[in-house]
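Have a go at each task before you read its solution.

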Amino acid sequence: MRPVKIAPSILSADFARLGEEVRAVDAAGADYIHIDVMDGHFVPNLTIGPAVVKALRPHTAKPFDVHLMIAPVDPYVAAFADAGADIITFHPEAGPHVHRTIQLIKSLGKKAGISLNPATPLEVVDYILEDIDLVLVMTVNPGFGGQSFIQSQLPKIRELRRRIDALGKPIDLEVDGGINAETARIAIEAGADVLVAGTATFTGGPQHYAENISKLR
Ligand code: DX5
Ligand code: ZN
């Protein structure tokens with residue numbers, strides 16, 4: 001079995017104590033810190049901007065996995081790179097030139113990820129898979145934490161696993177939305193190697209984070 005990374009989504013953290021929350025999930029064994037950026041336009045919610053990412057940066061050395069749910073995306077990539085993002089993931093619907101956005105992210109020395117909504121066909125990666133570092137399969141419609149895992153995405157995860165293995169490049173296959181102990185197992189079986197978990201990580205408060213994370217792994 002391949003090792004599985006856990007990326008707590010701080011969308012479910014206590015926003016009044018974000019620095020402490022990031023330190024707590026770091027200590028509890030998080031591999032990445034998943035930061036959900038929403039613009040109230042591409043998705044129906046507003047969350048975090050580059051100033052908050054920058055403020056969190058001194059609180060952990062773990063990679064910042066920044067999930068941009070914003071359109072247009074290109075004008076904001078440099079701000080998130082400067083703020084301390086390590087992986088910058090965007091949705092192909094967020095701009096007309098997916099390949100150019102990938103080049104932009106990489107030109108800033110960051111890892112590039114592409115995120116597929118539940119209805120986005122996996123063919124969107126046909127000509128770019130070898131250029132990216134991460135594919136994020138959404139197993140909910142983006143916008144909110146606490147939604148239910150959409151099972152119809154499993155064939156997409158399986159096919160992406162096949163393509164990534166065939167390519168032989170270390171591309172993360174990340175799954176985001178509705179992950180709990182049961183859906184984590186299903187997603188891992190389908191080929192996921194990074195699990196985003198908001199609700200499942202932060203449930204019960206800081207004394208439970210380590211146990212919550214190890215249950216998913
Ligand atoms: C949804 C976000 C997710 C969300 C996951 O738009 O991209 O990262 O925080 O939350 P849970 O794990 O609660 O489904
Ligand atoms: Zn996310």
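This is a predicted model: local features need pLDDT of at least 70, side-chain atom pairs count only at pLDDT 80 or more; totals for chains, interfaces and linings use all residues.

Residues are numbered from 1 along each chain as its sequence is written, while chains are lettered from A and ligands numbered from 1 in the order in which they are written.

**Exercise 1.** Work out which residues of helix 4 are buried and what covers them.

Step 1. Helices here are DSSP runs of H or I with at least four residues, strands are runs of E with at least two, and both are numbered from the N terminus. A residue is buried if 20 or more other C-beta atoms lie within 10 Å of its own, exposed if 12 or fewer, and partly exposed in between, with C-beta atoms placed from the backbone.

Step 2. In helix 4 (residues 98-107), Val98, Thr101, Leu104 and Ile105 are buried. Seen down the helix axis, they fall within an arc of 120° (taken from the directions from the axis to the C-beta atoms), so they line one face. An α-helix has 3.6 residues a turn, so residues three or four places apart point the same way.

Step 3. On the face turned away from the buried side, find the exposed residues His99, Arg100 and Ser107. The cover over the buried residues includes helix 3 (74-83), strand 4 (87-90) and strand 5 (111-116).

**Exercise 2.** Find His34, Asp36, His67 and Asp176, which UniProt lists as "binding site" in an unreviewed entry, and decide how they lie in space.

Step 1. Such annotations may be inferred rather than shown by experiment; the positions follow the numbering used here, and feature names are shortened.

Step 2. The four are spread over 143 residues of sequence, yet they cluster in space, with a largest C-alpha distance of 10.6 Å.

Step 3. Histidine 67 is in strand 3 (residues 64-69), and it is buried because 29 other C-beta atoms lie within 10 Å. Beyond its neighbours within four places in sequence, its contacts (C-beta atoms, placed from the backbone, within 7 Å) include His34 and Asp36.

**Exercise 3.** Name the residues that come nearest to ligand 1.

Step 1. A residue counts as near if its C-beta atom, placed from the backbone, lies within 6 Å of the molecule.

Step 2. Of the 21 residues around ligand 1, the nearest are Ser9, Pro142, Gly145, Gly198 and Thr199. Strand 2 (33-38), strand 8 (194-197) and helix 7 (199-202) each give two or more residues to the shell.

Note on methods. Two residues are in contact if their C-beta atoms, placed from the backbone, lie within 7 Å.
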